[in-house]
Amino acid sequence: MKYLRLFAILAAGFAAAGCIPSSPSPVKRTIGLSVLSQTNPFFMEIADNLREEAVKHGFDVIVVSGENDVARQDKQLNDFVARNVDAIVLSPCDSKSIGPAIRAANAAGIPVFTVDIAVLAPDAKVVTHIATDNYAGGKQAGEAMIEALGGRGGKVGVLDLKAVESCILRVKGFKEVIDANNQKPGAAKIEIVSELPCGGAKDQGYKSAEDMLQAHADLAAIFAINDPAALGARAALEKAGKAERIKLIGFDGQPEGKRAIAAGKIYADPIQYPDKIGRTAATVIAKYFDGEEVAPEVLIPTALYRKADGERDGLKP
């Protein structure tokens, strides 16, 4: 017993002097996040919620923005690889062209995750894609369009963004519902007469909507793939004096979009939950690093938001 006490005293002395190493503190990991655009509140809400949730799991998060520029985002991802971050998260500016940068991360052994927009490039490996169920949301947009037209049918324009996978899915779902409606016996036909790029932005949505109106004076409605484009289209309709006649369906459910719905400026939106996308992405990454199996895709459903919902929420234009 005397020797045990002596050993304990000596061990305590060595530890106090730093001769016996203490348990190492956990290493903090870093996530590099590149969003599509910081000018779109949707992506900043994803970033803010991802960062907030990731911190709870011991991660630092570096946030940058591609601003719809593939070359810029490519450089950002290569910078993340050079910095040897532990994981990369992105919403691709172009679902195919970003492939080489992702393959570089794959070669460096850095796991890649995508949020909102998936990668379509061959051989570009992504651990998990976390996003809105855009295909089902597009179907909801089609149902809202049929409802908005009140069974009368008519000519419809689409403001699209063909470089982005999520928007491709929205338009696909939308068209399938419109096609199914047109095949019903006795149904008034809805004809998609124009599809123009909007860049997912208000200014381009405005310009393309103007072009649609000039080409199709009898246009009955427009479907825009997001709220900024829908709001741009609304401004074009107001300028042309056709805002009360032409119905408008958006997609997103951003605060400005919801206010426009409450005011009757947009008929309806399938709304997304960017906060859930961000938090879910952080949780999936934490599980991955804990050695748990994670799904290759996690989809979050949309909900159709109409004027009555805006009024219920007490929104003002």
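In this predicted model, helix 5 and helix 6 pass each other in a right-handed crossing. Helix 5 covers residues 134-149, and its axis comes within 7 Å of that of helix 6, at a crossing angle of roughly 45°.

The contact takes in Asn134, Tyr135, Gly138, Lys139, Ala141, Gly142, Glu143, Met145 and Ile146 from helix 5.

Two packed helices are described by the angle between their axes and the distance between the axes. Helix 7 and helix 8 can be treated in these terms as well. Helix 7 spans residues 202-215 and helix 8 spans residues 227-239; their axes come within 7 Å and cross at roughly 45°. Helix 7 is therefore oblique to helix 8, and the crossing is right-handed. Lys202, Gly205, Tyr206, Ala209, Glu210 and Leu213 form the helix 7 side of the contact. Facing them in helix 8 are Pro228, Ala229, Leu231, Gly232, Ala233, Ala235, Ala236, Leu237 and Lys239. Ten residues of this contact are nonpolar, two are polar and three are charged.

A further pair is formed by helix 2 and helix 10, the latter running over residues 274-289; the two axes come within 7 Å and cross at roughly 35°. Helix 2 passes helix 10 in a right-handed crossing. In helix 2, Phe42, Glu45, Ile46, Asn49, Leu50, Glu53 and Ala54 make the contact. Their partners in helix 10 are Pro274, Asp275, Ile277, Gly278, Arg279, Ala281, Ala282 and Thr283. The contact divides into eight nonpolar, three polar and four charged residues.

The remaining topic is the largest pocket. Its volume is about 330 Å³. The lining consists of 28 residues, and those closest to the pocket centre are Asn40, Phe43, Gly200, Asn226 and Pro228. Pro228 also belongs to the contact of helix 8 with helix 7. The elements that give two or more residues to the lining are helix 2 (41-56), helix 6 (165-182) and helix 8. By class, the lining has twelve nonpolar, ten polar and six charged residues.

Conventions:
Residues numbered from 1 in each chain as written. Predicted model: local features only at pLDDT ≥ 70, side-chain atom pairs only at ≥ 80, totals over all residues. Heavy atoms only, no water. Axes fitted to C-alpha atoms, helices over the stretch in contact; angles between N-to-C directions. Helix = DSSP H or I, 4+ residues; strand = E, 2+ residues; numbered from the N terminus. Parallel < 35°, antiparallel > 145°, perpendicular 65-115°, else oblique. Left-handed = near helix turned anticlockwise from the far one by under 90°. Contact = heavy atoms within 4.5 Å. Nonpolar A, V, L, I, M, F, W, Y, C, P; charged D, E, K, R; others polar. 1 Å grid on protein atoms, 1.4 Å probe; cavity = no way out; pocket = protein on both sides within 12 Å on 5 of 7 lines; lining within 4 Å. Points joined across faces, edges and corners; volume = space filled by probe spheres on them.
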